[in-house]
Amino acid sequence: MQLLCHDLPFNIVQSAARIILMDDAISDCLMAFQDFLYAFQVQFIYNEFLNACRELYLSLSVPEKNGNATPRLEGVESTVFLDGITDLLAKNNYHHPSVRVIHRVLGKSQKASFYTYLLGIANSDTINVSIGVLPKKRTVFRLQ
């Protein structure tokens with residue numbers, strides 16, 4: 001990516017790859033270019049918002065019990081995460097996807113991991129259409 005834009009922060013590219021791949025698979029796995037492209041678009045457009053969501057998720061996933069921090073591997077309550085995101089948006093002026101879409105992504109299950117949240121955001125046709133840069137995912141490689 002730095003061949004196209006020499007001052008593009010590498011962490012945005014790396015974060016986009018993390019949306020598609022689990023953290024431990026970043027260095028040695030292949031990914032579909034199409035998947036990366038849509039994840040990169042979301043990470044590039046909503047970088048500040050997604051970083052704030054990550055911090056929120058981490059604060060919700062590591063409860064304090066007798067001074068010991070124990071991460072919840074199964075995720076956090078979707079409704080609690082959604083309430084936290086709503087508070088973030090009320091207090092900050094982030095460029096963000098529609099709250100309705102965020103609700104739809106988080107409403108699919110009672111618990112959500114940050115990975116599934118990001119994947120849901122990256123795979124949302126509604127978000128892609130609202131950004132308005134890339135075509136619908138299913139038409140990317142369709143021959144005209």
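Are Phe-114 and Tyr-117 buried or exposed? Both residues are buried, as the close-up views of this predicted model show.

**View 1. The aromatic pair of Tyr-57 and Phe-114.** The structure holds 7 aromatic pairs. One of them is formed by Tyr-57 and Phe-114, with a tilted geometry of 5.7 Å centre to centre and 40° between the planes. Tyr-57 belongs to helix H3 (residues 47-61) and Phe-114 to helix H6 (residues 114-122), so the pair ties together parts that are 57 residues apart in sequence. Tyr-57 has a relative accessibility of 9% and therefore counts as buried, the cut-off being under 20%. Phe-114, at 13% relative accessibility, also counts as buried.

**View 2. The aromatic pair of Phe-114 and Tyr-117.** The rings of Phe-114 and Tyr-117 are again tilted, at 5.9 Å centre to centre and 40° between the planes. Both residues lie in helix H6, where they are 3 residues apart, about one turn of the helix.

**View 3. The aromatic cluster.** Four residues, Tyr-57, Phe-81, Phe-114 and Tyr-117, form one aromatic cluster. Phe-114 takes part in the tilted pair with Tyr-57 and in the tilted pair with Tyr-117.

**View 4. Arg-18 and Tyr-115.** Arg-18 is located in helix H1 (residues 10-20). Its relative accessible area is 32%, so Arg-18 is partly exposed. Along the chain, Arg-18 and Tyr-115 are 97 residues apart, and their C-alpha atoms are separated by 8.1 Å.

Definitions and conventions
Residues are numbered from 1 along each chain as its sequence is written. This is a predicted model: local features need pLDDT of at least 70, side-chain atom pairs count only at pLDDT 80 or more; totals for chains, interfaces and linings use all residues. Side-chain values use heavy atoms; hydrogens and water are left out. Rings of Phe, Tyr and Trp (its six-membered ring) pair if their centres lie within 6.5 Å; planes under 30 degrees apart count as stacked, over 60 as edge-to-face and the rest as tilted. Helices (H or I, at least four residues) and strands (E, at least two) are DSSP runs, numbered from the N terminus. Buried means under 20% relative accessible area, exposed over 50%, partly exposed in between (1.4 Å probe, protein chains only).
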